[in-house]
Amino acid sequence: MPPKLEKVIINGSSRHRLYKGFLLLDSNGYLANEVLSKRIEENAQQRLLQRLALTGFTLERLSDHPAVMHVMTPFLPLFTVKQRTLFILRLVAATSCLLEAAEEASCQLAAAGVNPYRKEDEEPRALCADIHQIEVYEEGEVERIYNLYRQFLPELLAISTHSAVYGTSVQKDFSLRMRVNLASYLPRYISQFSEQHLEHLELFIRKKHKLSNLSQMDINPLGGDPSALRKPERPLLLKTAAAVELRFIDAQCSFPFIRAQVILLQALAMHGRELARVGRRLFPVSDESLDENKALALHSGGGAVLRPDSYRRSDEPRKSSTYERKEPEVATTALLKLIEDTLLDALLDLECEPWELYPITLGAELRRREKRCFANYAEYQQYLCTAYPEERFIAILQEQTRLLLSSSTFDIICDYNRQLHQKLAQEIESVWSEKLAPHHSSESKGEAPC
Amino acid sequence: MLEMPVPAVVQVICDLRRFYFNIDNQKKMDELWETINERLVGRELRTGSELGVYIDRGKLVRLWVVDAQGQTHVTPDTIFHITDIVRNPQLVYRCRTCNNYGPFRCMDCVDTRPRGQERLCSTHAKFVEGRWRAYCDEHLPPCRCFSFCKDTATFCCEHCNGFYGEHYRTSHPHDKTIDYCQKCYDRLFGHCSVCSTEGRSESLGTLRCSFKSWDMAYPCGEALCWKHALQWKIWGPHQHGITLCERHKRLIRNSNPKDVLAMMITTRPPRSRHGKSFSLANLYRLRRLLKRDRTESLSFEAIVETLHALSEQSKAWDKYAQQRYKEIVNSCDKTLQEIPIRQNEMLAKIREYYWDEVSKKAAQAIAWLTIEDRYVRPGQPDLFFLAVQLTTPSKRPYIGIGGETVKRIESQLSARLDFWDITVTPPRRID
């Protein structure tokens, strides 16, 4: 009997790398200084090296600020639930190394875009992000996946905001980090991507948009090792790889939430990969419209009402995004529609379990039904800050952050939403179980169920 | 009861980049699997390693092991999961030259060639630095330098956005990634010629002498700093004027009025909304400007005639200059027609005044008058400068004691009167 082929995914996901961001704070909530953070980094690095399961995990300081630390994962496959669970467990373990090292130095960790406890001199300079890198195999994929992330940047940004509180005061933006970040530029539509002509592209972007470096865009098409694209039949599964890098996500404090984000990002990449492989391309959404929606998303988070692309000329009645539907849409609802209309097949190929997506979908579904709920952690942060006096807010947030960073399954906003709307949550969960059941996709395509 | 061991599932990525057939569904993959599965038995399994199987004539199927699940070799009961089929994309868009993937389009070919024939691959697409637009060899734009060379463009000027060939490229003094054409470079970074002569090189010559005569193909263009450039403020004291170098500043008084008029019309007027800008569509003002330091007199008729003589030359000017030219000619024609009528009216009034106030003889001695100039005064009647021509050498009766007689008529007519003796040749201004 020859070896059996049990399962085939035609356009699958690729490996994923995460630079998980943390803010190192002293016991009073102030940002750690250079000496302190270096001591913590060395201690945590030693702890990482002692754990065999964390081979390839490293600690890095990507930001200019000494208090911003990143736990960097290697490129890891996330094709199955088991692999994703392993990814998250290893991330939690790596985080615990950092957490232990910080506590040993009487410090604490915060996982938010800016320091929620204490203010810096003027504007925050310690800006903390979760940077995701999605592996790509060839230039066509870069073009499609990059443009796809660009098109859905406002929706993704809206649920990823997590810097609504700075120095115990509620900010006017849900993502203060994105507002003050000097290295955050609107990703421009790339009609044709070729590594061979990268210099021309960079020169063009510099001349037309006055942007000297593509990697400063919120979506960086040159993440990882872009030189890998030059070799047409490069071996796969190497340690280094070309990747599309997402720089717009504020540092998150809940690992189930990060898991849901990772799944969504991978599903979008799978859709882009499919487009590339069948030779299809993506229509351009105007920069003006995207810029406006990005501003709305970082200002209002999940509650932002995204506007359609009024600059678009084509009258084709395609309806896969806010821009094509030509009607304003709440960001969370727009994201749900994106999942339902475009990403379901990819999610099935990822063997996505409904519970993996609940941290995002439950809040969004409740919001669609106009129920009071939390759609992301920026809203929760804001709620805590308004509901409690300053000292109590600090104590609660510190305690909850510690709990969240120590657990791979604890997700406060999901638990809160479920408790507040028990019956409705059950109903939503059963609907999503149905949507993500394996037969759903083939039925919708008009094929016989397996 | 004995439990059957669960067979391990080996995850692989199927790499078909050297297989050349498009495997894009489960059925095709199953068929391919049938041809390779037996050849996998006994092969070593290691996470990250490759299982390569040649089909025929160089067709290679590669399986990259994502997760070997602890298995060391492929056995007949090994179960495989393919997590992705990495393959070359379907070629919907093909390069018209080599038939490879052609993501680029020559936009000039879009209208002239059949659909799909405008496509180019990264090798055959040509670019001009600073533009993300692809061209085919045929449509690569030519160099736009003034020497009318036959080169193709290789870069786009940062300042004027024009396309130029390599010979016309000059880099920014401090940033080698920014390119300018030579003309723009000189304009932006050229040093003041006067300062350079004096041995000082720090002043930038941002101003250019605009002097141009009929026998010059281009304006003088001498680079000057603000200190060494003369601004001939023809649009008023609070606006920039025509820039002239030291040499042409002296020449302007002797230049042909036709050249000077052409220069005044073709030079771009100020666009600033701050400060009052005077229009050149005023015959009196034109004459005042043209008479600057000039020894010989210029009549209104001569100026209008000169303006009309420019009509042929004006066809080569840009549309804005042509528009300004038409406006000036129309206004001057109209003024020229009005002048004799107004002169007659004023002459009659002055004669009548002196007949009544001085004597019949004094009135009869006024031979003629000419309007020399006219100033527009906001909120007040226009002020005329009149040359009154007398057939007598004395102006005393016309001035009166303490100038009372002449002041009254000046105030009535809103004019300043100058008296000229025409009994001598040439006529003499009576002081």
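This is a predicted model: local features need pLDDT of at least 70, side-chain atom pairs count only at pLDDT 80 or more; totals for chains, interfaces and linings use all residues.
**View 1. Helices α11 and α14 of chain A.**
Helix α11 spans residues 354-368 and helix α14 spans residues 412-420 of chain A. Their axes cross at roughly 40° and come within 9 Å. The angle makes α11(A) oblique to α14(A). On the side of α11(A), the contact is made by Tyr358(A), Pro359(A), Leu362(A), Gly363(A) and Leu366(A). On the side of α14(A), the residues are Ile413(A), Cys414(A), Asn417(A) and Arg418(A). By class, the residues of the contact of α11(A) with α14(A) are six nonpolar, two polar and one charged.

**View 2. Helices α1 and α2 of chain A.**
Helix α1 (residues 34-50) packs with helix α2 (residues 81-104) of chain A at an angle of about 140°, and the axes are 8 Å apart. This angle makes α1(A) oblique to α2(A). The crossing of α1(A) past α2(A) is right-handed. From α1(A), the contact takes Ile40(A), Asn43(A), Ala44(A), Arg47(A) and Leu48(A). From α2(A), the residues include Ala94(A), Cys97(A), Leu98(A) and Glu100(A). Eight nonpolar, one polar and three charged residues make up the contact of α1(A) with α2(A).

**View 3. The contact of chain A with chain B.**
Chain A gives 33 residues to the contact and chain B gives 47 residues. On the side of chain A, the elements that contribute two or more residues are β1 (4-8), α6 (198-209) and α7 (255-277). This side of chain A divides into 18 nonpolar, nine polar and six charged residues.

**View 4**
Across the two chains, β1(A) pairs with strand β4 (residues 79-86) of chain B in the parallel sense over four bridges. Leu5(A) has Phe80(B) as its bridge partner in β4(B). Within chain B, strands β1 (residues 9-18) and β3 (residues 60-67) run antiparallel and are joined by six bridges. Opposite Ile13(B) stands Trp64(B) of β3(B).

**View 4. A four-strand sheet of chain B.**
The order of this open sheet is β17-β18-β19-β20, and the pairing is mixed. Its edge strands, β17 (366-375) and β20 (428-429) of chain B, each pair on one side only. Strand β18 (residues 383-390) and strand β19 (residues 415-421) of chain B are parallel and share seven bridges. The bridge partner of Ala387(B) in β19(B) is Asp418(B). Helix α13 (residues 404-413) of chain B packs on the sheet and touches β18 and β19 of chain B. The direction of α13 makes about 125° with that of β19(B).

**View 5. The domains of chain B.**
Chain B is divided into domain 1 (9-86), domain 2 (104-183) and domain 3 (340-429). Taken over C-alpha atoms, the centres of domain 2 and domain 3 of chain B are separated by 68 Å.

Conventions:
Residues are numbered from 1 along each chain as its sequence is written. Chains are lettered from A and ligands numbered from 1 in the order in which they are written. Domain bounds come from an automatic or database domain assignment. Two residues are in contact if their C-beta atoms, placed from the backbone, lie within 7 Å. Ala, Val, Leu, Ile, Met, Phe, Trp, Tyr, Cys and Pro count as nonpolar, Asp, Glu, Lys and Arg as charged, and the others, Gly among them, as polar. Two strands pair if DSSP finds at least two bridges between them. Axes are lines fitted to C-alpha atoms, for helices over the stretch in contact, and angles run from 0 to 180 degrees between N-to-C directions. Angles under 35 degrees count as roughly parallel, over 145 as roughly antiparallel, 65 to 115 as roughly perpendicular and the rest as oblique. A crossing is left-handed if the near helix is turned anticlockwise from the far one by less than a right angle, and right-handed if clockwise.
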